[in-house]
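Please read the following account beside the sequence and the three-dimensional view.

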Amino acid sequence: MASRRRMLLKVIILGDSGVGKTSLMNQYVNKRFSNQYKATIGADFLTKEVQIDDRLFTLQIWDTAGQERFQSLGVAFYRGADCCVLVYDVNVTKSFEKLNNWREEFLIQASPSDPENFPFVVLGNKIDVDGGNSRTVSEKKAKAWCASKGNIPYFETSAKEGFNVEAAFECIARNAIKNEPEEDMYLPDTIDVGGAGRQQRSSGCEC
Amino acid sequence: MADEPAAAGAGQDYPTIDPTSFDVVLCGTGLPESVLAAACAAAGKTVLHVDPSPFYGSLYSSIPLPSLSSFLSPDPSTPSSTAAAAAASGSHTAVDLHRRGVYSEVETSGAVPEPARRFTVDLVGPRVMYCADEAVDLLLRSGGSHHVEFKSVDGGSLLYWEGSLYPVPDSKQTIFKDTTLKLLEKNVLYRFLKLVQDHIAATSGAGDAAGIISEEDLDLPFVKFLNQQKLSPKMRAVVLYAIAMADYDQDGPDPCEKLITTREGIQTIALYSSSVGRFANAEGAFIYPMYGHGELPQAFCRCAAVKGALYVLRMPVAALLMDEEKKHSVGARLASGQDILCKQLIIDPSYKIPTLDVPFDESDSNCPRKVARGICIFNKSVKQDASNVLVVFPPKCMVMLFLLVDPVSILDLALEEQQVATVRLLQLSSNLAVTYRKANLTCRFMAYLSTPCTDASTGKHCIKKAMDALFSPLDSDGSQGQLATTSGSTGDVKPTLIWSCVYVQEITQGTSSSLLSCPMPDENLDYRNILESTKKLFTDIYPDEEFLPKKSAPVHDDEDSDSGE
């Protein structure tokens with residue numbers, strides 16, 4: 001029973017609207033990219049089976065469902081996260097400056113037992129835009145910030161080109177595994193009224 | 001939060017919302033508003049959902065203990081809508097919107113245990129869900145079930161009877177195992193349960209039609225029916241108050257209007273028995289959401305957001321926008337001063353519905369229903385080896401003594417007053433993550449109590465009386481009263497009360513007109529009535545739309561194939 005918790009890793013992706021959170025998820029899980037921006041509609045979370053060192057895990061990647069636009073994510077969204085991915089757009093300085101707010105928001109809302117060591121991963125997305133010419137945040141600057149926050153792993157990605165996305169998510173998965181769930185004490189026998197729905201596509205779930 | 005007046009609508013850092021026109025605007029994120037938001041979004045409507053607070057849930061939220069007192073007794077000088085003072089713009093008129101006081105008579109005692117933030121308190125307590133009730137079905141249909149997990153009320157229910165607690169025999173197994181019942185009582189109860197079960201089976205087409213209880217009997221007051229079945233007074237109390245969940249005295253001298261019929265009683269028993277065993281690892285009929293009831297509105301809001309609803313917390317609505325005749329609301333003016341147009345405005349019940357030029361037939365000020373609630377923290381379970389338990393105090397089970405000082409004779413007058421309504425108590429333990437959850441800290445239990453009342457002080461008195469019956473005060477060391485727990489007798493000492501809070505909440509019903517107001521948390525143990533009126537509000541606005549159809553759960557892998565490459 002406790003293994004259910006071990007097998008399932010909850011990852012949440014935070015960052016300003018339009019930095020490419022949904023695109024990164026879609027590229028990683030579905031190997032698809034859409035140029036058409038729509039404020040996220042229709043995605044709750046995506047799941048992907050990953051194999052790390054001979055063990056199988058289900059990565060459950062939670063989208064913000066647009067609730068990040070006015071900083072209106074509820075505390076329930078943050079609960080039980082095993083890893084928090086912070087995304088910014090390398091072409092938009094403000095989205096980089098907001099990373100600190102997102103990190104703090106996460107730590108306040110999720111209140112992990114060991115905030116110093118909670119696994120974050122930072123992604124600088126859209127490095128493909130304009131051949132890198134419109135870039136306003138340098139890799140050096142981003143890495144310096146990550147280093148100052150307890151050496152957060154940093155990846156430069158392009159959801160559009162699929163560049164570095166796989167590597168970034170492998171790192172995310174590895175970090176999520178390392179996160180010791182503090183809630184083991186009482187989680188094992190919770191009742192999930194959706195049955196096994198949390199681990200499957202819910203559309204066909206019948207109770 | 002909003003602690004300085006918004007000068008000309010731009011004094012605070014309110015964001016600008018785009019677009020400025022929606023099908024539906026909802027203000028407040030209580031459970032009814034959140035379910036409506038999810039239902040409207042699922043029906044393809046454009047939805048803006050705002051809440052003045054920085055958190056979700058409004059009157060249905062679960063809040064950290066240190067925030068409780070400010071929530072129950074908000075600062076009366078909260079700035080009300082200076083932005084609304086702006087003159088009518090264009091073709092519509094702004095009507096200021098004000099909050100009303102929902103809570104009164106707040107009284108706390110004891111020291112708040114530390115770390116206080118580790119305690120999360122429900123504003124709707126005591127409340128549970130039946131495993132088979134509408135709330136669970138709505139969660140499943142909307143996909144909200146992905147966002148909440150539950151625990152069982154594993155200790156079952158206890159009845160407070162003649163000064164002791166007795167387990168509620170609610171099934172054949174529990175009757176069999178019960179050590180407090182006489183053989184005759186067991187037989188009568190068996191027969192009664194069999195009768196009810198045959199009826200339920202027969203009406204659902206599964207059983208022998210001969211098992212159907214006659215219409216005549218179904219229309220009978222349930223208590224009469226139970227008398228016919230020769231149930232003893234204690235067994236009647238069990239069935240009426242701990243299983244059929246009757247609120248008011250069912251066999252008082254004067255026939256009160258709150259008598260439940262056999263039909264209603266059997267309906268609840270049917271729900272009860274279909275709830276037992278619905279989920280493999282749920283014990284008993286009731287479940288409670290991990291982290292508190294405040295998770296439920298968030299789950300529905302998330303469903304709405306996934307379907308495209310726009311969410312803005314920390315955004316009060318300052319005024320309604322009315323059409324020229326002041327007959328219909330056409331939108332809302334936000335605290336930012338921004339005007340949002342909408343076809344339907346839905347507000348949470350903590351906003352007063354302004355008296356408009358149109359006559360309002362719903363006069364909620366006449367004699368508002370009230371519920372007295374209590375929250376307490378104590379050091380050990382009221383029932384040994386059980387973490388989550390429901391305790392029912394049937395009407396008249398406690399003697400109510402009022403000490404009054406007669407101003408003329410300066411004598412203490414003892415007034416005996418009847419406890420007219422059922423008091424219910426729900427004990428929760430740390431396995432629900434609402435109280436202490438660290439292994440190295442002392443164990444703490446929490447309980448919610450409620451009783452419906454017309455008079456605030458009587459209601460509060462009943463709540464305190466129930467607390468006195470189960471707990472001993474902190475200062476009485478060594479000499480605690482004995483509470484005979486017949487179930488697992490350990491020669492127990494009563495649990496010690498560490499902190500408590502008693503208050504009274506008004507209850508208003510949902511109203512629908514061009515402006516929709518949602519129902520407040522009611523006196524019931526479950527959400528059935530609230531969700532029923534929520535559903536009615538939805539069908540009032542969209543008679544042709546299905547209320548959260550099954551297909552409305554989001555698909556978890558993006559199936560749309562608009563690859564832009």
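Y291(B) lies in the loop between strand 11 (286-289) and helix 10 (295-306) of chain B. Helices (H or I, at least four residues) and strands (E, at least two) are DSSP runs, numbered from the N terminus. Although Y291(B) is not a glycine, its phi is positive, at about 70°. This residue, Y291(B), counts as partly exposed because it has 18 C-beta neighbours inside 10 Å. By definition, a residue is buried if 20 or more other C-beta atoms lie within 10 Å of its own, exposed if 12 or fewer, and partly exposed in between, with C-beta atoms placed from the backbone.

The model is predicted: local features need pLDDT of at least 70, side-chain atom pairs count only at pLDDT 80 or more, and totals for chains, interfaces and linings use all residues. Residues are numbered from 1 along each chain as its sequence is written, while chains are lettered from A and ligands numbered from 1 in the order in which they are written.

In chain A, D54(A) is a residue other than glycine with a positive phi, near 70°. D54(A) sits in the loop between strand 2 (45-52) and strand 3 (55-62) of chain A, and it counts as exposed because it has 5 C-beta neighbours inside 10 Å.

Two peptide bonds of chain B are cis. One joins D18(B) and P19(B), with omega about 5°; P19(B) belongs to the segment before strand 1 (21-27) of chain B. The other runs from G125(B) to P126(B), with omega near -10°, and P126(B) is placed in the loop between strand 6 (120-122) and strand 7 (129-130) of chain B.

In soluble globular proteins, nonpolar side chains tend to be buried together. Here the largest nonpolar core has 215 residues, and V11(A), V85(A), A37(B) and V47(B) have the most contacts inside it. Helix 1 (residues 31-42) of chain B supplies the largest share of this core, nine residues. Such a core is a set of buried Ala, Val, Leu, Ile, Met, Phe, Trp, Tyr and Cys residues joined through C-beta atoms within 7 Å.

Helix 2 (residues 21-30) and helix 7 (residues 165-178) of chain A pack at an angle of about 95°, with their axes 10 Å apart. Helix 2 of chain A is therefore roughly perpendicular to helix 7 of chain A, a term for angles of 65 to 115 degrees. Axes are lines fitted to C-alpha atoms, for helices over the stretch in contact, and angles run from 0 to 180 degrees between N-to-C directions. L24(A), Q27(A) and Y28(A) in helix 2 meet V165(A), E166(A) and F169(A) in helix 7; contact requires C-beta atoms, placed from the backbone, within 7 Å.

In chain B, eight strands form an open sheet of mixed pairing, in the order 5-22-16-21-20-17-9-10. Two strands pair if DSSP finds at least two bridges between them. Strand 5 (103-110) and strand 10 (164-167) of chain B stand at the edges with a single partner strand each, so one side of each is left without a neighbour in the sheet. The twist averages 20° from one strand to the next. Strand 5 of chain B pairs with strand 22 (residues 497-507) of chain B in the antiparallel sense over six bridges, and W499(B) in strand 22 is the bridge partner of G110(B).

Note on methods: Angles under 35 degrees count as roughly parallel, over 145 as roughly antiparallel, 65 to 115 as roughly perpendicular and the rest as oblique. Two residues are in contact if their C-beta atoms, placed from the backbone, lie within 7 Å.
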